[in-house]
Amino acid sequence: MRAQSSAIQGSEIAVTTPGADGPADHRSGTLQAALGVTAFSLTFPATAWGLEGFGPWSLVAVRSALAAVVAGGCLLALRVPVPARRHRAGLAVVAAGVVLGFPLLTTLALRTSTTAHAAVVVGLLPLTTALFSALRTGARPSRLFWGAALAGAAAVIAFTVQQSGGALTSADAYLFGALLICAAGYTEGGRLARVMPGWQVIGWALVLCLPLSLPGALVALSYEPARLSAHSVTGLLWVAVGSQFLGLVVWYRGMAAIGIPKASQLQLAQPLLTLVWSVLLLGERLTPAAPLTAAAVLVCIALTQRARG
């Protein structure tokens, strides 16, 4: 029995330690994190579409409620037990950061800001998430990692500010707040994904917000009547199911597999992907600086993924 207990404990350690598995698991984790980034890159264009038919408060409340219904249905169908009490504070941080705070603040910002300008948030998000991770989990990336992360963030900031004409807008306060609260939610969610499946992390966070989001959606829709169209419905469905649930499922799985700092740096590509979608879906113009910035960011991503520590 003692030997069996030791084997079980060793198995738990292997599960909860990121990067402890082989190269195949690392590649799988990187792919899942990259899929999450791709899903997130469509969030701002989809939000812009959603705002064509919904007010900002109703869009955020309805997307959260809809995602919670989908997630809750999955949890109920699979009879997933309620998380242990020690995990509930962390789930509350995830809920406040990625279910309510980030969607609300960025949606309010997108009323007056272009998607190009709003992309500065996700340009800074990888570095901020790495900082939160260092403070929360004790992670200590190498100097090469920090140097590449800072260089990538600087390249993205320069590009997105140039895209917006170099002018700061009234939406910047919303964007800065969204940056901080989302980084906290990502960090806590990545930590929890080491001890429970990533889809359960975001699933329970969504369900935790349902007592607020459902009545909030009813109240918001009474003040901001919806004008349904192909764009508004498509945008709502994507931010609710694609960004709010499925994207976060693969994102947290990837973070658990390769570690929060390395996964966060894959998001350096997100603003550039967002700008591509903005051109294709919203008709925004892309400057000639985009290919150069893309190349610089890809180099930085490669360095962060190779850096140890």
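Leu280 is found in helix H12, where helices (H or I, at least four residues) and strands (E, at least two) are DSSP runs numbered from the N terminus. Leu280 is exposed, with a relative accessible area of 61%; buried means under 20% relative accessible area, exposed over 50%, and partly exposed in between (1.4 Å probe, protein chains only). The model is predicted: local features need pLDDT of at least 70, side-chain atom pairs count only at pLDDT 80 or more, and totals for chains, interfaces and linings use all residues. Residues are numbered from 1 along each chain as its sequence is written, and side-chain values use heavy atoms, with hydrogens and water left out.

Together with Val276, Val279 and Leu281, Leu280 forms a nonpolar patch on the surface, with about 310 Å² of accessible area. Patches are made of residues with over 30% relative accessible area and no salt bridge, like charges being joined within 9 Å and nonpolar side chains (Val, Leu, Ile, Met, Phe, Trp, Tyr) within 5 Å. Accessible areas come from the Shrake-Rupley method with a 1.4 Å probe, and for residues only the protein chains shown count as cover.

Ser278 also lies in helix H12, which spans residues 270-282. Ser278 counts as buried, at 0% relative accessibility. Its side chain joins that of Thr115 in a polar contact of 2.8 Å. A polar contact is a pair of N or O atoms within 3.5 Å; within protein, one must be able to donate a hydrogen and the other to accept it, and residues adjacent in sequence count only if both atoms are side-chain atoms. Neighbours within four places in sequence aside, Ser278 is in contact (heavy atoms within 4.5 Å) with Pro45, Thr115, Gly283 and Glu284.

The chain as a whole has 13 helices and zero strands. Of its 309 residues, 50% are buried. Among contacts between residues at least 6 apart in sequence, 92% join residues at least 24 apart. The chain exposes about 14,100 Å², of which carbon and sulfur atoms supply 68%.

Two C-alpha pairs illustrate such separations along the chain.

| Pair | Residues apart along the chain | C-alpha separation |
|---|---|---|
| Ala39 and Gln244 | 205 residues | 9.2 Å |
| Leu266 and Ala34 | 232 residues | 6.6 Å |

Ala39 is found in helix H2 (residues 23-41) and is buried, with a relative accessible area of 9%. Not counting residues up to four places away in sequence, Ala39 touches Trp238, Gly242, Ser243 and Gly247. Leu266 sits in the loop between helix H11 (260-265) and H12, and is buried at 11% relative accessible area.

The largest nonpolar core has 68 residues, and those with the most contacts inside it are Val98, Tyr186, Ile202, Trp251 and Tyr252. Such a core is a set of buried Ala, Val, Leu, Ile, Met, Phe, Trp, Tyr and Cys residues joined through side-chain atoms within 4.5 Å. Helix H10 (residues 230-258) gives the most to this core, with nine residues. Beyond its neighbours within four places in sequence, Val98 is in contact with Pro103, Cys182, Gly185, Tyr186, Ile202, Gln244, Leu248 and Tyr252.

A salt bridge is a side-chain nitrogen of Lys or Arg within 4 Å of a carboxyl oxygen of Asp or Glu; by this rule the count comes to one. The side chains of Arg191 and Glu188 form the bridge, at 2.5 Å from N to O. Both residues lie in helix H8 (residues 172-192), three residues apart, about one turn of the helix. Arg191 is partly exposed at 24% relative accessible area, whereas Glu188 counts as buried at 7%.
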